[in-house]
Amino acid sequence: MRDNTQAEILAAGAVAAFTVDLLVYPLDTIKTRYQSQGIVGQPGRPAPVSYGLRGLYQGIGSVVFATLPAAAIFFFSYESAKSALKFSLPSTAPQPAIHALASAGAELASCTVLTPAEVIKQNAQVLQRSSSSGHSRSSSIEALHMVWRSEGGAGRRLWTGYTALVARNLPFTALQFPLFEIFRGQIWNWKRGGAESSHTRNDYTDSDQLQDTRQSKETRQNGLKSALVETGLVTGASAAVSGSLAALLTTPLDVAKTRIMLNAGSSSAPETTWEITSRIVRKEGVRGIFRGAMLRGTWTALGSGLYLGSYEMAKIWLKGTSPDHPNFS
């Protein structure tokens, strides 16, 4: 993979992550607070009272700080793994399996960076803060101090939820990305009369609309704009559908992850995903482990659509305006 291509992937992933974090974070806060019922409200864990704009963005600092490198690691690992697997595996290997394996490896790498931020974020999201309380310290700093003072120390508690995060994200990405590639390929085939696959469509974006050096500057710019809009719509729709389906199916793992990470700031001993899930089923039934499923499916559809849509658009824009690209002018 060329050095400038690597930089494009890293930059595109960072742009996509930052855009989505800011836009859908309030929905994630509401989901966390809803799933935290049964933990928040217990002694030492007061229920959140602020649903104003500031309250809904509690913990955003830790996410912005960690998501940018985590997203860059994920997309670079995903794209690299796809290329490596296509080269090393037989040509008859099913594409969904390649995408699932590539996304799983990328998730393992990105979760090492994302886990501490997720622990701080989710504990910050349920802190009791009101507009009249005079809090001036960042909610992320308060959550970090709470985790730091917990039994076992910050080093252990900040990575308490790694296994739970991986247990949720691996099935999620293993479902989402193959579905995403299938849906995107089908939409492109439908738009092109069934003559092209998703892989061919990626080539179309770079070669047909961006590589015709005989066109005028204005025509090339119009072609770039057209490619950006079309790719954003197709990618966004494919990501929204695949993301919402994967989110609904993996909600029990998300509920368990939320409870585990919120326990990182308490004095109780850490529990495994299986222990948490079993206790929720005993006390709350199946409805308990699917708490927030519709909310999670909705915000994941919005987030995935914006995330992957802006990521693919950023890649095309970076390639189309790169000084070493044939169409740069």
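**Helical fold, aromatic cluster and buried sites**

Of the 329 residues of the protein chain, 50% count as buried. Here, buried means under 20% relative accessible area, exposed means over 50%, and partly exposed lies in between, with a 1.4 Å probe and protein chains only. The model is predicted: local features need pLDDT of at least 70, side-chain atom pairs count only at pLDDT 80 or more, and totals for chains, interfaces and linings use all residues. Residues are numbered from 1 along each chain as its sequence is written, and side-chain values use heavy atoms, with hydrogens and water left out.

The protein chain holds 12 helices and zero strands. From the N terminus on, its elements run α-α-α-α-α-α-α-α-α-α-α-α. Helices (H or I, at least four residues) and strands (E, at least two) are DSSP runs, numbered from the N terminus. Contact means heavy atoms within 4.5 Å. Among contacts between residues at least 6 apart in sequence, 80% join residues at least 24 apart.

An unreviewed UniProt entry places the feature "transmembrane region" at residues 7-27 and 56-78. UniProt positions are given in the numbering used here, feature names are shortened, and annotations may be inferred rather than shown by experiment. In the model, the span of residues 56-78 is 87% helix and 0% strand. Its end C-alpha atoms lie 31 Å apart.

Aromatic pairs were examined next. The structure holds eight of them. The rings of F74 and Y78 form a stacked pair, because their centres are 6.0 Å apart and their planes lie at 5 degrees. Rings of Phe, Tyr and Trp (its six-membered ring) pair if their centres lie within 6.5 Å; planes under 30 degrees apart count as stacked, over 60 as edge-to-face and the rest as tilted. F74 and Y78 are four residues apart in helix α3 (residues 60-88), and so are separated by about one helical turn. Both F74 and Y78 are buried.

F74 also pairs with F177. These two rings have centres 5.5 Å apart and planes at 50 degrees, so the pair is tilted. F74 lies in helix α3 and F177 in helix α7 (residues 162-191), so this pair ties together parts that are 103 residues apart in sequence. F177 is buried, as is F74. One aromatic cluster is formed by F74, F75, Y78, F177, F180, Y307 and Y311.

A charged group sits over a ring at Y34. R291 lies over the face of Y34, at 5.2 Å from the ring centre. The criterion is NZ of Lys or CZ of Arg within 6 Å of the ring centre and within 35 degrees of the ring normal.

K82 is placed in helix α3. K82 is buried, with a relative accessible area of 10%. Not counting residues up to four places away in sequence, K82 touches I98, H99, A102 and E181. F172 lies in helix α7. F172 is buried too, with a relative accessible area of 12%. The C-alpha atoms of F172 and A247 are separated by 6.6 Å, although the two residues are 75 apart along the chain. Beyond its neighbours within four places in sequence, F172 is in contact with G243, A246, A247, T250, R296 and T300.

L158 lies in the loop between α6 (153-157) and α7. L158 is buried, with a relative accessible area of 11%. L158 and I120 are 38 residues apart in sequence, and their C-alpha atoms are 7.6 Å apart in space. With neighbours within four places in sequence left aside, the contacts of L158 are T115, P116, V119, I120, L144 and V147.

Helix α10 (residues 251-262) has 12 residues. From its first C-alpha to its last, α10 reaches 16 Å, close to the 16 Å expected at 1.5 Å a residue. The expected span is 1.5 Å times one less than the number of residues. In α10, 11 of the 12 residues are buried, so the helix is largely enclosed by the rest of the structure. Among the buried residues of α10 are D254, K257 and R259.

S278 is placed in helix α11 (residues 273-289). S278 is buried, with a relative accessible area of 19%. A polar atom of the S278 side chain lies 2.8 Å from the backbone oxygen of W274.

How values were computed. Polar contact = N/O pair within 3.5 Å; in protein donor to acceptor, adjacent residues only side chain to side chain.
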